[in-house]
Amino acid sequence: MEELHVAVVMPAYNEEAIGDFVREVCDEVVPRVRRLSVVVVDDASRTPVQRALAPRPDCSMAVLRHEANQGHGPSVLDAYRAGLATGADVVVHADGDGQVDPVSLLEMADVASAHRIAVGQRTGRKDPWFRRILTCLAGHCLAGRGRLADSNSPVRAFRADALHQVMAHLPARAVVPHLLMNIVLADLGAVVRIVNIQDRPRRGETAVGTTWRPRRLRLLPPAGLTAFAARAVLEVLGFRLRGVARGAGPDVRLAA
C-alpha cells in the first residue's frame, strides 16, 4: 500500500459531519499510502462543504461545488471523474455520510490494487423498511446481469485503468450510476472482488439523511424517494435493453 496514490472521492449534500468524516479518512489512510487525495463533490449544500474541511499538509483536498443541485447520481459520476483527474493509482468511492469505516476504505484500495475492482458488501444495515424493499427491487431489476448481494453499494474501489473503461460506457448524468456500473462490469467480463464491510450509523443530526426530504411521519417513504425509485427503474431497464457494453471485443475485456 505504501507505494500507492489513492484518491478517496465522495458526493455530499447537507452532510453535517462531513468535516469529521474527512478528518477520519485522512488520519487512517495517510500513514498507509504514498499519497492521499480527497475529493468531495458538494451538490449545492446549504452550507458549503469547503467551510467544514480543515486543510492538512499531509493530504490533498479538493471540493467541487455544484451551484445548483444535480442529484446523487451526477454527483457520484463527477466524484469519480475528479478522482481520475488526480492521477491516482486507485480511486475509492464512499458516500459522504460517514457510514463506512475508513479502515474498510483502505482494505478496498488494497484489494482493487491487486484485482482491479472491489465492491463493498455492507452488513449490519438498519435501513427503514422502504429502503430495504428498494434495495431488493434494485437487485431484481438487474435479474442476474450484474446483480450483486448489495447491488447499489456506494463503497467501491477501482484501479484507474479499470475505472476509465467503466466510465466510458456510462451515461454522463446517470440517476443510478452504481446499478448501471454493475451491468457494464458484467458485460465486460469483469471479475469483481467482494469485500464485506460493517455499516456504521449515519453521521450528523439527521439519522435518515437529507436527500429525500423525509417527512415527520417516518413510517412512509418520502415522496422524493418514491419518484427517484421510479426514474431509477426506468433507467436500469432502458440501459439493459440497449446492451451498451455487450459484445465488447477481447481487447477491452475487464476480466482479471
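Predicted model: local features only at pLDDT ≥ 70, side-chain atom pairs only at ≥ 80, totals over all residues.
**Figure 1. Strand β4 and its two partners in the sheet.**

**Figure 2. The open sheet as a whole.** The sheet has 7 strands in the order β3-β2-β1-β4-β6-β5-β7, and its pairing is mixed. Why is one side of β3 and of β7 left without a neighbour in the sheet? Strands β3 (60-65) and β7 (193-198) stand at the edges and have a single partner strand each, so one side of each remains without a neighbour in the sheet. From one strand to the next, the twist averages 20 degrees. Strand β1 (residues 5-12) pairs with strand β2 (residues 35-42) in the parallel sense over 8 bridges. Within β2, Leu36 is the residue that stands opposite Val6.

**Figure 3. The aromatic pair of Tyr80 and Phe158.** A search of the whole structure finds 1 aromatic pair. The ring centres of Tyr80 and Phe158 are 5.9 Å apart and the ring planes stand at 85 degrees, so the pair is edge-to-face. An angle over 60 degrees between the planes is what places a pair in this class. Tyr80 belongs to helix α2 (residues 72-85) and Phe158 to strand β6 (residues 156-159), so the pair ties together parts that are 78 residues apart in sequence. Are these two residues buried or exposed? Both Tyr80 and Phe158 are buried.

**Figure 4. Helix α2 against helix α6.** Two packed helices are described by the angle between their axes and by the distance between those axes. The axes of α2 and α6 come within 9 Å and cross at roughly 60 degrees. That makes α2 oblique to α6. Where the helices meet, α2 contributes Gly73, Val76, Leu77 and Tyr80, and α6 contributes Pro177, His178 and Met181. Sorted by class, this contact has 5 nonpolar residues, 2 polar residues and no charged residues.

**Figure 5. The two helices over the sheet.** Helix α2 lies across β1, β2, β3, β4 (90-93) and β6, and runs at about 160 degrees to β1. Helix α6 lies across β4, β5 (117-123) and β6, and runs at about 45 degrees to β6.

Figure 6. Of the 11 residues of helix α6 (residues 177-187), 10 are buried, so the helix is largely enclosed by the rest of the structure. Among these buried residues are Pro177, His178, Leu179, Leu180 and Met181. Asn182, Ile183, Val184, Leu185 and Asp187 are also buried. Helix α6 is followed by Gly189, whose phi is positive, near 70 degrees.

Figure 7. Met167 lies in helix α5 (residues 160-167). Its relative accessibility is 13%, so Met167 counts as buried; the cut-off for this class is under 20%. Which residues is Met167 in contact with, leaving aside its neighbours within four places in sequence? The contacts are Leu77, Tyr80, Arg81, Leu84 and Met181. Met167 and Tyr80 are 87 residues apart in sequence, yet 8.4 Å apart in space from C-alpha to C-alpha.

**Figure 8. The surroundings of Val25.** Val25 lies in helix α1 (residues 18-29). With a relative accessible area of 0%, Val25 is buried. Not counting residues up to four places away in sequence, Val25 touches Val8, Val30, Leu36, Pro102 and Leu105. Val25 and Val103 are 78 residues apart in sequence, and their C-alpha atoms are 8.2 Å apart in space.

**Figure 9. The setting of the close-up views in the whole chain.** The chain has 7 helices and 7 strands. From the N terminus on, these elements run β-α-β-β-α-β-α-β-α-β-α-α-β-α. Buried residues make up 50% of the 256 residues in the chain. Among contacts between residues at least 6 apart in sequence, 80% join residues at least 24 apart.

How values were computed:
Residues numbered from 1 in each chain as written. Heavy atoms only, no water. Phe/Tyr/Trp six-rings, centres within 6.5 Å; stacked < 30°, edge-to-face > 60°. Helix = DSSP H or I, 4+ residues; strand = E, 2+ residues; numbered from the N terminus. Buried < 20%, exposed > 50% of the residue type's maximum accessible area, 1.4 Å probe, protein only. Axes fitted to C-alpha atoms, helices over the stretch in contact; angles between N-to-C directions. Parallel < 35°, antiparallel > 145°, perpendicular 65-115°, else oblique. Contact = heavy atoms within 4.5 Å. Nonpolar A, V, L, I, M, F, W, Y, C, P; charged D, E, K, R; others polar. Pairing = 2+ DSSP bridges.
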